[in-house]
Amino acid sequence: MQAYFIEFANFMLRWLHVIAAIAWIGESIYFVMLDNGLRPPKAAEDREKGVFGEMWAVHGGGFYHNQKYATAPAKLPNDLHWSFWKAYTTWLTGFALFVILYMVNPGFYLVNPGSDWEWAANLTGWQANLLALAFLLLGWVVYNELCKRISPNMERDGLLSIAVAIMMVVVAYLSTQMFSGRAAFLLTGAVMATAMSANVFFWIIPGQRRMVKAMKAGETPNPLDGKRGKQRSVHNTYFTLPVVLLMISNHYSFAYSHEHAWVLMTLFIFAGALIRQYFVLMHQGKIRPAYPVVGVALILVAFWAGMPATSSAPSGAQTAGSGPDITEVKALIDQHCVACHSQSPTQPGFSAPPAGLMYDDIEQILLQKDRIQQVVESGYMPLGNMTNMTEEERAVIQAWTE
Ligand code: HEC
């Protein structure tokens with residue numbers, strides 16, 4: 001019953017999370033487009049009012065005329081539209097999902113028993129949970145410090161972007177060493193997503209509040225607040241594509257159970273940022289195909305790097321003769337997989353077969369042969385190597401699939 005409850009909550013939270021994220025990211029992409037697509041106002045009276053750029057648009061059968069003020073209009077309307085709940089809802093539901101998916105079962109989902117770092121391979125569930133929280137928090141602290149120290153007055157934003165890019169490579173590397181592959185992809189995405197939401201919460205919204213307050217008091221708002229809001233929201237726009245990729249990565253075990261998963265992750269992150277850059281420039285009227293070309297090239301490199309090695313015949317007795325027979329394989333799968341992958345799982349915490357895969361009978365096993373081989377070879381399954389499947393046993397599965 002408890003497992004079912006968690007599963008249901010997961011389903012509903014994910015729905016909300018995706019909807020909030022679509023609304024937030026959609027709005028953010030829209031405003032970046034608007035900002036970059038502004039043209040100098042045509043009417044002299046608009047220029048006198050302090051309008052700095054405008055955009056005409058047609059959408060949903062109506063015509064829209066957006067205007068942006070250089071600093072602010074002479075008088076602010078009372079019904080100013082603010083956007084922040086979409087960002088907060090996305091983060092809160094995302095974090096809740098992380099708790100019920102990963103932190104409830106850290107032994108399976110967070111710990112990386114194959115880590116090169118012995119201490120990481122031997123973490124207890126609670127230690128892994130705390131490490132994951134610290135990882136998220138530190139990610140924000142480091143990113144925020146980089147922004148504050150390198151470009152406090154938004155004067156060295158180019159250098160800052162390089163620093164943030166390097167930071168993301170380090171995050172990708174550390175996460176794959178400290179956490180299981182699937183969690184590592186998710187947590188790297190979550191480091192960026194946390195920075196995005198925290199940018200809204202700690203800088204963009206408070207800055208806007210200070211500006212509005214100053215204007216209401218008849219003072220000139222501090223231009224740094226506006227510039228910083230812009231700096232952080234520009235960062236957010238480059239984070240969006242990589243974050244969405246990492247968030248949907250959890251079904252693609254070829255990527256995160258790869259030996260050098262952090263390299264694949266880095267390639268995808270840079271590809272996403274470069275592709276985003278193309279669109280940002282395009283809205284400014286600059287067409288720079290080099291960005292998406294390099295972005296797609298990085299994706300192709302990831303494709304090539306992630307390709308499974310053409311299975312060379314494993315050494316050992318199994319390859320001789322006709323290979324292991326299906327009853328031997330079935331026995332291994334009963335022992336190592338069926339507690340979870342069954343019509344009615346016996347493993348606590350599972351109310352339904354994970355990923356919809358059940359290996360209760362031989363037919364089902366035969367149908368899933370290739371997938372079984374792939375996840376057993378990469379070491380992704382059994383999850384967290386909970387049942388301590390040995391290399392010899394993995395070799396039996398390998399020999400059978402050949
Ligand atoms: C402790 C529970 C557990 C055990 C034991 C387990 N699995 Fe899984 N398995 C899962 C979960 C949870 C998922 C879904 C994870 C995901 O979405 O990537 C999964 C996903 C899979 C997938 C789909 C992965 C993909 O990338 O699409 C395959 C194939 C699989 N398991 C095979 C196996 C095999 C074969 C064994 C035994 C050698 C096994 N599992 C043992 C929990 C388990």
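## Working through a predicted model

Let's start with Pro382, which sits in the loop between helix H15 (369–378) and helix H16 (391–401). Keep in mind that this is a predicted model.

**Exercise 1.** Find out what kind of peptide bond joins Met381 and Pro382.

*Solution.* Step one: look at omega, which is about -10° for this bond. Step two: name the bond, which is cis.

**Exercise 2.** Work out which residues coordinate the iron atom of the ligand, and through which atoms.

*Solution.* Step one: pick out the protein atoms, NE2 of His341 and SD of Met381, which coordinate the iron at 2.0 to 2.2 Å. His341 is in the loop between helix H13 (326–336) and helix H14 (362–367), and Met381 is in the loop between H15 and H16, so the pair ties together parts that are 40 residues apart in sequence.

**Exercise 3.** Decide what arrangement the 6 donor atoms around the iron atom of the ligand make.

*Solution.* Step one: take the angles, which run from 86 to 179°. Step two: recall that six donors count as octahedral if opposite donors are over 155 degrees apart and all others between 65 and 115. Step three: conclude that the arrangement is octahedral.

**Exercise 4.** Met154 and Asn388 both call for a look at phi: is it positive or negative in each?

*Solution.* Step one: recall that most residues other than glycine have a negative phi. Step two: read the angles. Phi of Met154 is positive, near 60°, and phi of Asn388 is positive too, at about 50°. Step three: locate them. Met154 is in the loop between helix H6 (125–150) and helix H7 (157–178), while Asn388 is in the loop between H15 and H16. Step four: sort them by accessibility. Met154 has 13% relative accessibility, so it counts as buried. Asn388, at 57%, is exposed.

**Exercise 5.** Describe how H7 and helix H11 (residues 261–283) run relative to each other.

*Solution.* Step one: the axes come within 8 Å and cross at roughly 150°. Step two: angles over 145 degrees count as roughly antiparallel, so that is what H7 and H11 are. Step four: list some of the contacts. Among the residues that meet are Ala165, Val169 and Tyr173 in H7, and Trp262, Met265 and Phe270 in H11.

Terms used
Residues numbered from 1 in each chain as written. Predicted model: local features only at pLDDT ≥ 70, side-chain atom pairs only at ≥ 80, totals over all residues. Heavy atoms only, no water. Helix = DSSP H or I, 4+ residues; strand = E, 2+ residues; numbered from the N terminus. Buried < 20%, exposed > 50% of the residue type's maximum accessible area, 1.4 Å probe, protein only. Donors = N, O, S within 2.8 Å, 3.2 Å for Na, K, Ca; no water. Tetrahedral: all angles 85-135°; square planar, octahedral: opposite > 155°, others 65-115°. Axes fitted to C-alpha atoms, helices over the stretch in contact; angles between N-to-C directions. Parallel < 35°, antiparallel > 145°, perpendicular 65-115°, else oblique. Contact = heavy atoms within 4.5 Å.
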